[in-house]
Amino acid sequence: MLFRYLFILLILLPIKVFALIEVDITRGNLNPLPVAVSPLDIDKNSKDNFKRILKKENLGSEISAIVENNLKQSGLFNPLNKEAFLQEPDIANLKPRFEDWNLIKAQALVTGKVTFIDEKLRVEFRLWDVLAGKEMMALAFTTVPSNWRRVGHIITDKVYERLTGEKGYFDTRIIYISEEGPKTDRIKKLAIMDQDGFNNKFLTLGNELVLTPRFSPTNQMVTYLSYFRNLPRVYLLDIETGKQEVVGDFPGMTFAPRFSPDGKKIIMSFAKDGNSDIYTMDLENRIVERISNHPSIDTSPSYSPDGKYITFNSDRSGYQQIYVMNSNGKNIKRISFGNGLYGTPVWSPRGDLIAFTKLHKGKFYIGVMRTDGTGERLLTENFYQEAPSWSPNGRVLIFYRESKTNSKGEGFSAKLWSIDLTGYNEKMVETETDASDPSWSSLLSN
Amino acid sequence: MNLNKILKNTFIILVVSLVLTACATKKTSTTSVSGQMQGDTYTGTDTVKELAKGVPDRVFFATNEIVLTTASRETLRKQAAWLRKNSDINVVVEGHADERGTREYNLALGERRANSAKDYLMTYGISSDRISVLSYGKERPVDSGSNPLSWSKNRRSVTVKAN
């Protein structure tokens, strides 16, 4: 079993206090909120036990470092330097001296404690409003020690949610394609990692070409395209058991798979005799339904979160454009009308936007538009980039970018990048190898 | 004098019409500096291999196109003639796209290009049972360059022996 569930056993003191601090995530945040993440307090016995099991010198500091990094990466928070902290972790967790934290300009403070109890890892943490001098939140939970990184992510999600009013996206994973070797003969493997790049694992060996993995909203399953035995078909993989099976075993290529929002169907393209149309397959009864029927290329389908609509890519007008139709294939409407070509539409989990790739005058853009095609906004421009995937809260997009080679055809690279919906906070996502086709999971603990 | 004037006028008209012709066809008939592209379709032989002696294995396409050029049709007729003579051989037509398009669309485009070549082979008497198609989209470029000439070499369909 690759991943263990995290059990939230106990919720302590859920005190509601009206927050004075609030972070607005709807605009580009040029003044990130100064926050102090105090190292989590740890007693000697617990410290020794965790050191024995996890080979970590001080698990309290390790977990707080995860929280700090997550908050920093979000671009909304500015974690303050620990060396400026005046209070020790144990006292800070019980009763912070707000004047001390105010002095170093912290507006929010995260404190906590980790303990080793019955072979388990117990964490409690608190979020404090420094200016108001009040506790905003206190939570505790227990899990297996090997889940220690997830503990850091869950704390971040809770802090993010309390301060922004929206769910976080830190206790999540990214499935992607790992790439190695020369551009003309790339070896591609299915790989998965935590949202912050840790716990990277390869799920295939690289013997066959694999492309476009996508997470199920239920998180156990992934659908992707594999060239196993040189037959490009859509596959389903259970990432917990490692069991995989072909689902798009049609008399031709099946590709561009995605799950329906309830995880019960896979929507994909089926190409035969030079024509690609959109089909669905019910995973329970294996019933196949044809959704689009047109001599042009219809591909890259993506459901709206309520399952009522499908956005897809078609060249029926002569060039690649974005369309929306009812989930039964009726009422087809073109929504992209700007200059250039449009591809890879993907519906936001919030339902209000469609992210896309655009090619215009030799440049590639990642952008968003409303679901009726109005309000087009381009977030980033580059030599080559495509395939945006939404964070589960619909605030961040992850995509991949390829570099231009030099005159000798050297210097090719493919990397994952992320950018906020606001167009700010664009950054490379570190991966062990070159990487492409990222897909963001939903929150693991809900 | 009169004749001279007429000749002069004729010359001017000729020059004007040449300029006009050049403008009208500029988009479709410009040959690249390297002489390896017609429009943006590759016409060189750098990457071309032989399916059999004197039978080129591949044909090239313009950007976003699946239309076979005159040269492509000639190549495919040679392939068909060879396949008719070697009726025990089956082939796979592999369809490819350049890197300047989204991955999923290019998979569909590669499939279209391969079928374009397959259909032409079939009109020259090759049974569809003997031809399978396989699209690689932009996954298997032959040239790793990021320039129009490299891209033109990668927009191709390649006929390979399956047995």
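Me: What makes the pattern of chain B in this predicted model read the way it does along the sequence?
Reply: Happy to walk through it. Chain B runs α-β-β-β-β-β-α-β-α-β-α-β, and its secondary structure amounts to 4 helices and 8 strands. A helix here is a DSSP run of at least four residues and a strand one of at least two, so each symbol stands for one such run.

Me: How do you know what share of chain B counts as buried?
Reply: Chain B has 163 residues, and 41% of them count as buried. The word is used because a buried residue has 20 or more other C-beta atoms within 10 Å of its own.

Me: What do the contacts in chain B between residues at least 6 apart in sequence look like?
Reply: Of those contacts, 67% join residues at least 24 apart.

Me: Which residues touch the most other members of the largest nonpolar core?
Reply: That core holds 78 residues, and the ones touching the most other members are Tyr224(A), Met268(A), Ile354(A), Ala355(A), Leu397(A) and Ile398(A). Leaving out residues up to four places away in sequence, Ile398(A) touches, among others, Ile174(A), Leu416(A), Val429(A) and Trp440(A). A separate second core of 38 residues includes Trp128(A) and Ile155(A).

Me: How do you know that chain B is in contact with chain A?
Reply: Contact calls for C-beta atoms within 7 Å, and 22 residues of chain B are in contact with 31 residues of chain A. On the chain B side, helix 3 (103–123) and strand 7 (131–137) each give two or more residues, with helix 3 of chain B supplying the largest share, 10 residues. That side divides into 7 nonpolar, 8 polar and 7 charged residues.

Notes
Residues are numbered from 1 along each chain as its sequence is written. Chains are lettered from A and ligands numbered from 1 in the order in which they are written. This is a predicted model: local features need pLDDT of at least 70, side-chain atom pairs count only at pLDDT 80 or more; totals for chains, interfaces and linings use all residues. A residue is buried if 20 or more other C-beta atoms lie within 10 Å of its own, exposed if 12 or fewer, and partly exposed in between; C-beta atoms are placed from the backbone. Two residues are in contact if their C-beta atoms, placed from the backbone, lie within 7 Å. A nonpolar core is a set of buried Ala, Val, Leu, Ile, Met, Phe, Trp, Tyr and Cys residues joined through C-beta atoms within 7 Å. Ala, Val, Leu, Ile, Met, Phe, Trp, Tyr, Cys and Pro count as nonpolar, Asp, Glu, Lys and Arg as charged, and the others, Gly among them, as polar.
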